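Take a look at the model below. This report walks through its makeup, its cores and a few of its parts.

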Amino acid sequence: RTRTFPSCVFLTLSQLVRYLAMAMLALWLFAISSAAEEEPGCFLQHTRQQLLQEASAIPEAPGGYNRQCENCKCVGSTPAGNGVPMDQCKALCQGSVGFTYFAVVGECECCSDLHQTPWVETGWGLYAQLDWESPPAPSGYKLKCGPYCRCTSFGPLQSDLDINTCGRNCGTWAGFIFSPYPPQGGTDCRCCNNLVPRSGVTTQWNLYEPSGGGITGDPHVTTLDGKHYLLLKQGTFNLWHFSGLETDFEAKKLPVDWQVYAHYSGHQGFMKALLLLDNTEGSALELTAQDCKWKARSGEGWKALETAELVSVPSDSATGFDVSSTGGKGGHEFANRVHFNMNTKHGKEAIAVMSLSCRPQHNINVQISMTRRTDDQFVDGELKRARSFSMLQTSTGTSTDSEFSMDRTWQELGGSPQATGYLQRVDGEPSVALLTQICSAAEESQAKEICSKHLRHDGTSGGVGALFHDCVFDLCHGAGETQAELAAELLAVTKAD
């Protein structure tokens, strides 16, 4: 008669090698443990537990990869080699999304997906290519953190959506988390009530927040939907105007209307002043690069704000500004954050956040981020979404923004007499036609070296790549290292919790 054996008794060669290696490791550890009991002096440098950890340690990820988990494997894997070093395993699996590696015997398997096995695979590590971990952020969003990052409060699970649909569905929320490789397959999406990163996340999630528009350097403009260009004209401009939304406050609906003006002038056309107007309540704030100190309009006069007496929205006002500091994060210490808040029947609600960096006698950098992406529809000005391409000279990446240029003086728009006088003085400085200047290879190399001290040249979703290129352009045309410092400070403020 033919006897049928259970299939589990048959082992592949790679499995047999692995089990023999683990058995030999166990015998070796038992031997040194016994020896340690007889001659403890021989093992002063290594305890039994230390030896176990060193022998079975799962290596860190090689360059370009992230270790997804320890003692685990991917579900879909193909054997690629035995007795190979990790770098060779990485090379063998270059065309795959990742690989699993058993360091004790150098066993390598390439992954067709990154779903983890539901059981423990002792000694194995799962490594994923970084390019596969962070899908490009959809329009209007940027990556806040990942790949093991999620918000602390979120809505119901939405499965099998692409990241763009996830972003659209979460347009009225603070942001969203997205997992391209959940354990059950497909994709997972959740809308976030807040943008506070949760600690101890062990599964792959990326947290996305609304991206902001802003002005840096000479001046480089980024709109709320990511259009990026160099402004060629000096003067006062409508930077950001928010109107069309109403707040339900004290049993009546009131229109919300905020206006932000920016003035560009001086040798290189940097931003020299900001004017924030609350047209609903009649209040105003002003900041100039003369001293980088906020001033608030009180009645018909202006008062300098000390750091200790920052502005907040009164409970009996429909709208207002909350001025605060990130506590020195970002270098130069001053009130570097402004919330545009409105009071509702449900409490105070932030519509937008302005982040700043400023250096006296130099310039101001600014970014404005919308709390909810759907509120972008109420924004006009240089930072507005969906600006016509005909308005931008896309072939050269420049614009004059004539449609947003103001023909009234700073004081006529609502600014202080002191700021008006300061701007008249800087307006008298000779300007430079930057596009006619040629930056030599040596000058560009030096600019890149200086900018690299303050900004990582990695082109990541946080906007560092654009900031780096703008920094190189500005330094190449005589801005000096201060501008690199200011760019890094603005980035730090936008990322501060």
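## Terms and source

Helices (H or I, at least four residues) and strands (E, at least two) are DSSP runs, numbered from the N terminus. This is a predicted model, where local features need pLDDT of at least 70, side-chain atom pairs count only at pLDDT 80 or more, and totals for chains, interfaces and linings use all residues. Residues are numbered from 1 along each chain as its sequence is written, and side-chain values use heavy atoms, with hydrogens and water left out.

## A loop residue

Asn-82 sits in the loop between β2 (77-81) and α3 (86-92). The scale runs from buried (under 20% relative accessible area) to exposed (over 50%), with partly exposed in between (1.4 Å probe, protein chains only). Asn-82 lies 24 residues from Gly-106 in sequence, yet their C-alpha atoms are 5.6 Å apart in space.

## The whole chain

The protein chain has 10 helices and 25 strands. Of its 497 residues, 49% are buried. Contact means heavy atoms within 4.5 Å. Among contacts between residues at least 6 apart in sequence, 63% join residues at least 24 apart.

## Confidence

pLDDT is the predictor's confidence in each residue, from 0 to 100. The chain averages 80, and 78% of the residues score at least 70. Over residues 1-10 the pLDDT is below 50, and this stretch has 1 contact beyond near neighbours in sequence. Residues 35-55 also fall below 50, with 13 such contacts in the model. Where pLDDT is low, the predicted coordinates should not be read in detail.

## Two cores

A nonpolar core is a set of buried Ala, Val, Leu, Ile, Met, Phe, Trp, Tyr and Cys residues joined through side-chain atoms within 4.5 Å. The largest has 56 residues. Trp-240, Leu-274 and Trp-294 have the most contacts inside it. Beyond its neighbours within four places in sequence, Leu-274 touches residues including Leu-239, Val-260, Met-354 and Trp-410.

A second, separate core has 15 residues, among them Cys-451, Cys-471, Leu-475 and Ala-488.

## Helix α7

Which residues of helix α7 (residues 417-427) are buried? They are Ala-419, Thr-420, Gly-421, Tyr-422, Leu-423 and Val-426. These pack against β15 (252-264), β16 (271-278), β17 (283-288) and α6 (410-413).
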